[in-house]
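Here is a friendly walk through one protein model, meant to be read with the viewer open. Have a look at the sequence and the structure first, and then we can go through the details together.

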Amino acid sequence: SGRMMFDSISRRAPGGHELSARYLTPAMPFSLTVDEGLALAGTIPGVRAAHDIAWPPGRGWWRLASWPPLDRIGPFRRMRPSITLLEFG
């Protein structure tokens with residue numbers, strides 16, 4: 001048994017995302033939504049459970065983006081980055 005935690009970017013970032021006038025994030029090869037991360041428990045042999053880890057509150061816009069009631073609204077849930085904890089066993 002063991003556990004593994006990883007973060008996953010949102011669907012908007014695979015081509016890169018402009019964070020400022022001078023910085024563009026690199027292209028990412030894949031992304032997972034929160035629900036896709038949780039579904040790993042039923043699709044990968046040996047993964048016993050998957051848990052979504054809540055983001056800590058940020059500042060400014062990110063504080064609103066991590067507000068728990070927004071997570072119950074489908075489009076917001078699918079857009080946000082996620083942290084997934086997988087349990088093996």
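## Terms and ground rules

Buried stands for under 20% relative accessible area, exposed for over 50%, and partly exposed for what falls in between (1.4 Å probe, protein chains only). This is a predicted model, where local features need pLDDT of at least 70 and side-chain atom pairs count only at pLDDT 80 or more, while totals for chains, interfaces and linings use all residues. Residues are numbered from 1 along each chain as its sequence is written, and side-chain values use heavy atoms, with hydrogens and water left out.

Is S8 buried or exposed? S8 is buried, because its relative accessible area is 5%. This serine belongs to strand β1, which covers residues 2–8; helices (H or I, at least four residues) and strands (E, at least two) are DSSP runs, numbered from the N terminus.

A polar atom of the S8 side chain lies 2.8 Å from the backbone nitrogen of L32. Leaving aside residues up to four places away in sequence, S8 touches S31, L32, P81 and S82, where contact means heavy atoms within 4.5 Å.

## Overall layout

The protein has 4 helices and 5 strands, and along the sequence they follow the pattern β-β-β-α-α-β-α-α-β. Of its 89 residues, 26% count as buried. If you look at contacts between residues at least 6 apart in sequence, 62% of them join residues at least 24 apart.

The accessible surface comes to about 6,400 Å², and 63% of that belongs to carbon and sulfur atoms. These areas come from the Shrake-Rupley method with a 1.4 Å probe; for residues, only the protein chains shown count as cover.

Which residues make up the largest nonpolar core? L32, L40, V47, A50 and L86 do, 5 residues in all. Such a core is a set of buried Ala, Val, Leu, Ile, Met, Phe, Trp, Tyr and Cys residues joined through side-chain atoms within 4.5 Å. Beyond residues up to four places away in sequence, A50 touches G37, L38, A41, T84, L85 and L86.

T84 sits in strand β5 and is buried, with a relative accessible area of 2%. Again not counting residues up to four places away in sequence, T84 touches M4, M5, F6, G37, A50 and H51.

## The salt bridge

Side chains of opposite charge can pair when their charged atoms come close. A search of the whole structure finds 1 salt bridge, a term for a side-chain nitrogen of Lys or Arg within 4 Å of a carboxyl oxygen of Asp or Glu. The side chains of R48 and E87 meet in a salt bridge at 3.0 Å, N to O. R48 lies in strand β4 (residues 47–53) and E87 in strand β5 (residues 82–88), so the pair ties together parts that are 39 residues apart in sequence. R48 is exposed, with a relative accessible area of 54%, whereas E87 is buried at 15%.

## Surface and loops

W61, L64 and W67 make a nonpolar surface patch of about 380 Å². Patches are made of residues with over 30% relative accessible area and no salt bridge, with like charges joined within 9 Å and nonpolar side chains (Val, Leu, Ile, Met, Phe, Trp, Tyr) within 5 Å. W67 is in the loop between α3 (61–65) and α4 (74–79) and counts as partly exposed, at 48% relative accessibility.

H17 is found in the loop between β1 and β2 (18–20), and is partly exposed at 32% relative accessibility. Its C-alpha atom is separated by 7.9 Å from that of A27, with the two residues 10 apart along the chain.

How values were computed:
A polar contact is a pair of N or O atoms within 3.5 Å; within protein, one must be able to donate a hydrogen and the other to accept it, and residues adjacent in sequence count only if both atoms are side-chain atoms.
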